[in-house]
Amino acid sequence: MEIIPVLIAWPALAAVLMPLVSDRKARGVIAYVAAGGMMALALAVFGGWLAAGGQTVALYPQSTATEYVDLAMLCGEFVLMALIIALSIRHRKYPVILLSAGQTLLVAWSEIAHPVEQSTHMRLDGLAMLLCIIAAFVGGFICIYAVGYMKAYHAHHTEYKDRSGFFFSMLFLFLAAMFGLVLSENLVWMYFFWEVTSVVSFLLIGYT
């Protein structure tokens, strides 16, 4: 089960690398390797889970280290809230500001004022494992398909600026957050990963 952080970090690393690579062929190679590695890691987690009996596995009990991660994710939620507010102002969708600020402040207040005793932060069970496999393979094949698709898209739509590096970065960031989301057993962690998928979805939809 030590491989689970790698499963989340692997697509996140690809998301960081994609905007830094300007060559389209090199970016395609990174996408293929990242997608294949993601599938292999998901299968490795699946194999380890089956070898352990296929039972519910509780991960990352409360400790000093997880408290720091909790705090980092809580801060990350406020960063995401600020980003959503900025995008809402830019696109003049002001009601979204109230929704974003309301839910983030509610989660923060709940966590700080009324903490719940909890022994673990992540949980791997049958449903979480199924969703990890679906995310890894469906998401991986989407990333592989997108390499050729984006090349053809910009060949036919020269009126749009080619921001494929950003596009692939958001795809892999979405998948990293998806793994974190389906494995989370903690409200702060779950909300953080959920907000990442929400913001990334908006940015992908608004690509052009």
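Modeller: This is a predicted model. Glu 185 has a relative accessibility of 30%, so Glu 185 counts as partly exposed.

Biologist: Which residue does Glu 185 meet in a salt bridge?
Modeller: The side chain of Glu 185 takes part in a salt bridge with an N to O distance of 3.5 Å. The pair links distant parts of the chain, 62 residues apart, with Glu 185 in the loop between H6 and helix H7 (187-205) and its partner in strand E2. The partner is Arg 123.

Biologist: Which residues are linked with Arg 123 in a network of salt bridges?
Modeller: Arg 123 is partly exposed, with a relative accessible area of 35%. Arg 123 also forms a salt bridge with Asp 125, the closest N and O atoms being 3.4 Å apart. Asp 125 has a relative accessible area of 15%; the limit for buried is under 20%, so Asp 125 is buried. The residues linked with Arg 123 in the network are Asp 125 and Glu 185.

Biologist: How many residues apart in sequence are the parts that Asp 162 and Arg 24 tie together?
Modeller: The structure holds three salt bridges, and the side chains of Asp 162 and Arg 24 meet in one of them at 2.5 Å, N to O. Asp 162 lies in the loop between H5 and H6 and Arg 24 in helix H2, so the parts tied together are separated in sequence by 138 residues.

Biologist: Which side chain of opposite charge is nearest to Asp 70?
Modeller: Asp 70 lies in helix H3 (residues 64-90). Leaving aside neighbours within four places in sequence, Asp 70 is in contact with Gln 62, His 121, Asn 186, Val 188 and Trp 189. Asp 70 is buried yet has no salt bridge. The nearest side chain of opposite charge is 16 Å away, and belongs to Arg 123.

Biologist: How far apart are the end C-alpha atoms of helix H1?
Modeller: The buried residues of H1 are Ile 4, Leu 7, Ile 8, Pro 11, Ala 14 and Ala 15. They pack against helix H2, strand E1, strand E2, helix H5 and helix H6. At 1.5 Å a residue, the 14 residues of H1 should span 20 Å, which agrees with the distance between the end C-alpha atoms, 21 Å.

Biologist: What accessible area does the nonpolar patch with Val 138 have?
Modeller: Val 138 is found in helix H5 and is partly exposed, with a relative accessible area of 48%. The patch on the surface is formed by Leu 127, Leu 130, Leu 131, Ile 134, Val 138 and Ile 142. Together they have an accessible area of about 520 Å².

Technical notes: Residues are numbered from 1 along each chain as its sequence is written. This is a predicted model: local features need pLDDT of at least 70, side-chain atom pairs count only at pLDDT 80 or more; totals for chains, interfaces and linings use all residues. Side-chain values use heavy atoms; hydrogens and water are left out. Helices (H or I, at least four residues) and strands (E, at least two) are DSSP runs, numbered from the N terminus. Buried means under 20% relative accessible area, exposed over 50%, partly exposed in between (1.4 Å probe, protein chains only). Lys and Arg count as positive and Asp and Glu as negative; His and the chain ends are not counted. A salt bridge is a side-chain nitrogen of Lys or Arg within 4 Å of a carboxyl oxygen of Asp or Glu. Contact means heavy atoms within 4.5 Å. The expected span of a helix is 1.5 Å times one less than its number of residues. Patches are made of residues with over 30% relative accessible area and no salt bridge: like charges are joined within 9 Å, nonpolar side chains (Val, Leu, Ile, Met, Phe, Trp, Tyr) within 5 Å. Accessible areas come from the Shrake-Rupley method with a 1.4 Å probe; for residues, only the protein chains shown count as cover.
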